[in-house]
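Please look at how the two ligands sit among the residues that surround them, and keep the sequence at hand while reading.

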Amino acid sequence: MAGTRMRSAVTYSNEPLVSLRSAELHYRVGGALSALRGRSSVVKAVDGVSFDIHRGESVGLLGESGCGKSSIGRLLMKLEDATGGEIVFAGEPISGLRGAALKCYRAKAQLIFQNPFDAVNPRFTIRATLAEPLENAGIPAGEREARIIAALELVRLPQPAQFLDRYPHQLSGGQLQRVVMARALILQPDFVVADEPVSMLDVSVRAGVLNVFRDVRDRLGLTAIYISHDLALVRYVCERTIVMYLGRIMEDGPTEDIVHEPLHPYAKALVAAVPVPHPDQSHDPLPIGRGAPDPRNPPSGCVFRDRCPRAFDRCASEVPQLRQIGTRKVACHLF
Amino acid sequence: MTANLLSVRDLKVSYRVGNGHIDAVDGASFDVPRGSIVGLVGESGCGKTTVARALTRVIADNARITGGQILFDGKDIAAIPERQMNALRWRDIAFIPQSAMNSLDPVYTVEYQLNEVLRRRGGLSAREARMRCESLFEMVGIEKGRLRDYPHQFSGGMRQRVAIALALALNPKLVIADEPVTALDVIVQRQILDQLRELQTMLGISVILVTHDISVVAYICDRTVVMYAGRVAEAGPMAGVLTRPAHPYTMGLRNAFPDLAGAASGTLTPIDGAPPNLAEPPPGCRFAPRCPFSIEVCSTESPPLAEIVPDHRVACHRASEAPVLREIAARTETWLAHA
Ligand SMILES: Nc1ncnc2c1ncn2[C@@H]1O[C@H](COP(=O)(O)OP(=O)(O)OP(=O)(O)O)[C@@H](O)[C@H]1O
Ligand SMILES: Nc1ncnc2c1ncn2[C@@H]1O[C@H](COP(=O)(O)OP(=O)(O)O)[C@@H](O)[C@H]1O
Ligand code: SF4
Ligand code: SF4
Ligand SMILES: [Mg+2]
Ligand SMILES: [Mg+2]
């Protein structure tokens with residue numbers, strides 16, 4: 001229900017549920033020609049990322065378009081295999097999962113897509129959309145209808161039965177996003193990755209979907225990653241935030257600390273960029289250089305240095321390592 | 001010279017669908033003072049794009065302006081012949097369509113597309129056009145070396161800058177931008193908004209900015225017009241409308257937005273339900289089915305847009321009770337209890 005929040009009562013177990021250990025996802029792109037032009041033919045979508053997520057924790061992955069957020073999501077869902085490093089789930093590297101073990105993992109870890117209309121088959125009714133994962137998991141036909149209704153109730157779709165025979169285009173964006181959420185939850189996963197689940201939605205609807213997300217997560221004790229470029233939304237659902245830039249982690253710590261006092265120069269720019277819905281706000285120029293990060297041609301040393309207002313000599317020659325600074329970790333030579 | 005560059009009075013726009021019609025805009029009135037940025041805000045489907053397009057009279061084949069006036073520089077452009085209207089487009093009123101950044105022609109360079117406007121529409125010589133292209137790129141902050149690039153070679157933010165350059169090509173007095181930052185990252189969004197403001201000040205133009213995001217309105221607009229179901233719910237100076245909203249719909253919108261400057265425990269409260277089907281709008285106030293404050297008269301009589309304090313207009317039967325309603329509206333339960 002809306003109204004409660006910040007789950008201070010939740011206690012995390014000591015064992016992480018999910019760990020990335022120097023994870024890499026390097027895509028090969030272009031060919032000899034781009035290599036000749038001096039443009040590297042490798043895109044380092046994820047480049048040496050390490051973090052642990054504990055059971056019951058919700059973590060926001062924050063950063064600009066192209067920084068590797070969805071790639072991390074795809075790695076975690078095992079839709080891509082890491083080209084380096086390791087991803088561990090409940091103590092086991094997922095790279096080795098095969099057959100029944102992989103099937104079981106796919107039920108436990110679920111992805112909620114950005115655009116609900118991309119996430120469903122337009123020719124499937126809502127019933128068929130939700131029955132599919134149950135069928136794949138071998139749930140007997142007789143039990144499915146009840147599970148479907150329960151999942152739709154969980155995401156607070158009013159009078160769910162009325163939607164079962166409809167097709168996706170006959171639902172509003174907010175209703176369909178709830179169906180997509182219900183499908184991700186129907187097998188009672190331990191872990192969900194929500195990839196900008198509200199970016200396609202209108203504001204009034206968005207608030208409702210975010211509330212449902214928080215509510216369900218709390219009720220089921222889900223472990224979650226929430227991907228967005230907007231810290232205001234991440235803050236609404238996550239107590240911890242990981243800030244990424246060009247495939248690397250820049251800062252990782254409690255969301256409130258980052259909101260109130262971002263340390264990394266890139267995190268400072270991201271916080272300053274969030275517009276607020278009232279007139280008293282800063283109009284100072286953003287403390288970040290123009291231009292978009294070029295993943296094929298990242299700067300040497302600190303990948304943020306060509307846009308960093310505080311860059312100095314060392315930033316070009318040495319990659320800053322992620323180090324513990326008080327409550328959080330920061331990768332910057334200033335710290 | 002009138003103080004308002006644009007005055008829209010009782011504008012009506014209707015779409016023909018099947019045997020019936022949808023009155024997508026049903027009596028909208030608002031002003032755009034010279035040198036100001038006016039935010040047109042509201043949920044999806046409330047008629048923002050339809051209004052924006054009607055102002056330039058570039059509307060869908062099945063659309064028709066069925067009433068009202070559009071006074072531009074004192075002249076009613078709703079009534080002038082198409083040939084005269086066409087002469088105003090780009091030169092006086094420029095329109096940046098929704099997702100303009102995706103509607104640049106992929107097969108032509110950006111320079112070619114700018115040239116089309118500059119030479120064909122503006123009658124510039126090749127040399128003048130080239131110089132103008134360069135200065136336009138400088139204005140929107142893209143290196144002129146990139147003029148010969150194709151749209152796909154630009155990021156979304158840069159394509160949006162190109163779309164702005166295109167709109168400014170012939171020095172219009174009014175630029176209408178439909179959701180110019182909606183699909184963009186927060187950093188790019190902010191840079192584009194800063195750019196728009198800088199250009200507006202530098203060139204002394206007026207801007208109508210269509211958006212569903214009141215944070216964007218709060219950041220950049222001087223005035224705001226809140227639309228609901230084809231009508232203006234509330235209009236006035238931005239700070240007044242956002243800090244002392246007098247229409248329950250504006251109050252509801254405000255609750256639905258996250259505020260990074262606010263407390264961590266802040267709750268987002270959605271406005272339950274959806275805007276009405278405009279083929280059969282409810283009688284009386286169109287917001288009544290979703291309004292926690294509706295009273296009997298709301299479902300029978302349509303509230304007129306009336307000035308409650310100087311320059312701040314509201315269409316609500318209970319506008320005089322606004323201070324009390326605001327307090328009640330700030331509580332989450334108000335909207336839950338209603339749903
Ligand atoms: N070509 C059309 N034919 C029929 N109805 C239309 C047409 N274009 C728009 N409408 C309807 O007119 C109303 C207003 O649409 P409009 O696109 O102007 O809203 P909007 O506020 O811009 O919404 P959005 O934010 O989704 O773009 C909606 O009910 C819409 O379905
Ligand atoms: N299949 C692919 N082939 C080549 N490059 C890719 C592929 N998928 C993603 N990338 C690149 O990897 C980087 C990170 O992408 P992604 O994780 O999708 O970013 P985000 O989700 O943060 O927008 C981008 O530069 C993107 O272009
Ligand atoms: S390491 Fe240098 S370039 Fe990178 S963020 Fe820190 S100061 Fe800026
Ligand atoms: S007129 Fe009535 S229903 Fe409409 S907004 Fe005002 S109080 Fe609500
Ligand atoms: Mg993505
Ligand atoms: Mg629109």
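## Ligand 1 and chain B

A polar backbone atom of B:Cys46 lies 3.2 Å from an oxygen atom of ligand 1, a polar contact being a pair of N or O atoms within 3.5 Å. The side chain of B:Ser44 places an N or O atom 2.5 Å from an oxygen atom of ligand 1, while a nitrogen atom of the ligand is 3.0 Å from such an atom in the side chain of B:Asn62. Taken alone, ligand 1 exposes 630 Å², of which the protein buries 69% (accessible areas by the Shrake-Rupley method with a 1.4 Å probe).

Ligand 1 is surrounded by 16 residues, counted when one of their heavy atoms lies within 4 Å. Helix H1(B) gives the most to this shell, with 3 residues (helices are DSSP runs of H or I, at least four residues).

## Basis of the model

This is a predicted model, in which local features need pLDDT of at least 70 and side-chain atom pairs count only at pLDDT 80 or more, whereas totals for chains, interfaces and linings use all residues. Residues are numbered from 1 along each chain as its sequence is written, chains are lettered from A and ligands numbered from 1 in the order in which they are written, and side-chain values use heavy atoms, with hydrogens and water left out.

## Ligand 2 and chain A

A polar side-chain atom of A:Ser71 lies 2.5 Å from an oxygen atom of ligand 2, and a backbone N or O atom of A:Gly66 is 2.9 Å from an oxygen atom of this ligand. Taken alone, ligand 2 exposes 570 Å², and the protein buries 66% of that.

How values were computed
A polar contact is a pair of N or O atoms within 3.5 Å; within protein, one must be able to donate a hydrogen and the other to accept it, and residues adjacent in sequence count only if both atoms are side-chain atoms. Helices (H or I, at least four residues) and strands (E, at least two) are DSSP runs, numbered from the N terminus.
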